[in-house]
Amino acid sequence: MVIYGVYIVSKSGGLIFNHDHNVPKVEHEKQFTYPLDIKLTYENKKIVVAFGQKDGINVGHALTAVNGSSVTGRELDDGRDVLEMLERPENFPVNLKFSRAKMTTNEKIFLASMFYPLFAIASQLSPEPRCSGIEVLEADTFRLYCYQTLTGVKFMIVAEPSQPGMEILSKRVYELYADYALKNPFYSLEMPIRCELFETNLQNLLETVEKSGISNV
Amino acid sequence: MTIHNLYIFSKSGVLLYYAEWNRLNKSGITKEEEAKLMYGMLFSIKSFVSKISPLDSKEGFLYYKTSKYTLHYLETPSGLKFVLNTDNVAQNVRNLLQQLYSQVYLEYVVKNPLCQLNEPIQSELFKLKVDELMKNSPIFLNRSL
């Protein structure tokens with residue numbers, strides 16, 4: 001029973017709130033000898049695995065540390081270029097640490113605005129008349145629930161595919177939003193939600209649902 | 001339960017095949033434009049799913065559901081994309097799509113030397129077999145009957 005995160009998207013498609021709840025950390029450290037048996041490339045300011053999956057290190061994982069010192073962009077702490085360093089046999093054996101790239105806030109805002117047209121196209125391409133947008137989207141690792149209110153605000157919950165009761169949970173989050181965000185005189189509509197009460201109540205709600213199921217809220 | 005329509009896209013986004021059975025809502029745009037819109041949406045969903053996924057995904061996007069219909073998606077490792085719209089109560093649609101790929105597409109398109117891959121499928125036999133498979137599946141039930 002895991003809930004990965006909650007996103008709230010405003011009527012105009014902007015991300016106004018996000019809360020990461022239980023995001024599993026995927027990290028692997030391994031010793032490598034020369035020559036490297038995985039292929040690394042530099043893209044999006046990160047060094048990522050392009051080919052060769054082994055021991056939990058998958059394609060798309062980013063290099064985070066070399067021999068314990070962290071990697072920023074393509075450089076080590078002392079300014080050496082990582083890719084050049086890994087081409088020299090005298091630097092081996094070497095300890096490389098990989099992890100699944102975490103989403104930055106910017107990427108989250110980008111994804112939230114990307115969901116907005118998907119939601120609209122899904123209702124346009126419908127074979128049946130008068131259809132809503134995407135309500136549930138499932139992939140093999142998660143299920144995304146989207147509840148759109150009459151005012152156009154979307155509440156999105158990302159959870160494990162087996163987690164039940166998420167439709168009800170999204171409505172409960174809407175209640176919290178109405179109670180703690182909208183009734184807060186310092187909150188202006190369409191702006192990011194920074195209300196402490198809202199956040200603590202949401203956190204409590206998610207924890208209760210994870211521990212004892214949706215029937216207790 | 002009912003099946004609405006089927007799209008098959010090639011790796012590069014060409015609409016290889018389109019068929020519809022029970023479709024009440026016409027989108028109001030031409031078939032070509034609709035196919036482009038559909039492919040564009042699927043392409044975006046794929047990248048959306050791979051970014052928002054908390055763990056490494058293998059198959060990625062499986063389906064989405066709206067209030068009126070469910071879109072099921074199957075992509076083969078070669079990039080071929082099968083999209084089937086059904087109503088919300090249909091079960092085991094993934095199996096049906098896999099059957100469509102292995103028993104119809106492979107048999108009557110790939111094994112037919114006159115069928116060019118990556119071009120819209122003209123074969124009458126293929127059309128017939130797709131129709132047969134869909135109409136024989138338990139999901140298919142015309143509500144007008």
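Tutor: Chain A carries 22 positive and 27 negative side chains, and the centres of these two sets lie 3 Å apart. The model is a predicted one, and every value here is computed from it.

Chain A is built from four helices and twelve strands. Its C-alpha trace spans about 65 × 45 × 35 Å along the principal axes. The radius of gyration of chain A is 21 Å, whereas a compact globule of 217 residues would have one near 17 Å. Of the 217 residues in chain A, 44% are buried. Among the contacts in chain A with a separation of 6 or more, 53% are between residues 24 or more positions apart. The accessible surface of chain A amounts to about 11,200 Å², and carbon and sulfur atoms hold 50% of that surface.

Next comes the contact with chain B. There, 37 residues of chain A are in contact with 37 residues of chain B. Together the two chains bury about 3,600 Å², with 65% of this area on carbon and sulfur atoms. On the chain B side, Phe48(B), Pro54(B) and Asp56(B) supply 20% of the area that chain B buries against chain A, which is more than any other three residues supply.

One residue of chain B shows what such a contact looks like in detail. Ser53(B) sits in the loop that runs between helix 1 (31–52) and strand 3 (61–65) of chain B. Leaving aside residues up to four places away in sequence, Ser53(B) touches Arg100(A), Thr141(A) and Phe142(A). Is Ser53(B) buried or exposed? Ser53(B) counts as buried because its relative accessibility is 3%, and the cut-off for buried is under 20%.

Val130(B) belongs to helix 3 of chain B, which covers residues 124–136. With a relative accessible area of 1%, Val130(B) is also under the 20% cut-off and therefore buried. Which residues does Val130(B) touch, not counting those up to four places away in sequence? They are Leu6(B), Tyr17(B), Trp21(B), Leu100(B) and Val104(B).

Note on methods. Residues numbered from 1 in each chain as written. Chains lettered and ligands numbered in written order. Predicted model: local features only at pLDDT ≥ 70, side-chain atom pairs only at ≥ 80, totals over all residues. Heavy atoms only, no water. Helix = DSSP H or I, 4+ residues; strand = E, 2+ residues; numbered from the N terminus. Rg over C-alpha atoms; globule rule 2.2 N^0.38 Å. Buried < 20%, exposed > 50% of the residue type's maximum accessible area, 1.4 Å probe, protein only. Contact = heavy atoms within 4.5 Å. Areas by Shrake-Rupley, 256 points an atom, 1.4 Å probe, with all protein chains shown as cover. Lys, Arg positive; Asp, Glu negative; His and termini not counted. Charge placed at Lys NZ, Arg CZ, Asp CG, Glu CD. Buried area = accessible area lost by both parts, 1.4 Å probe.
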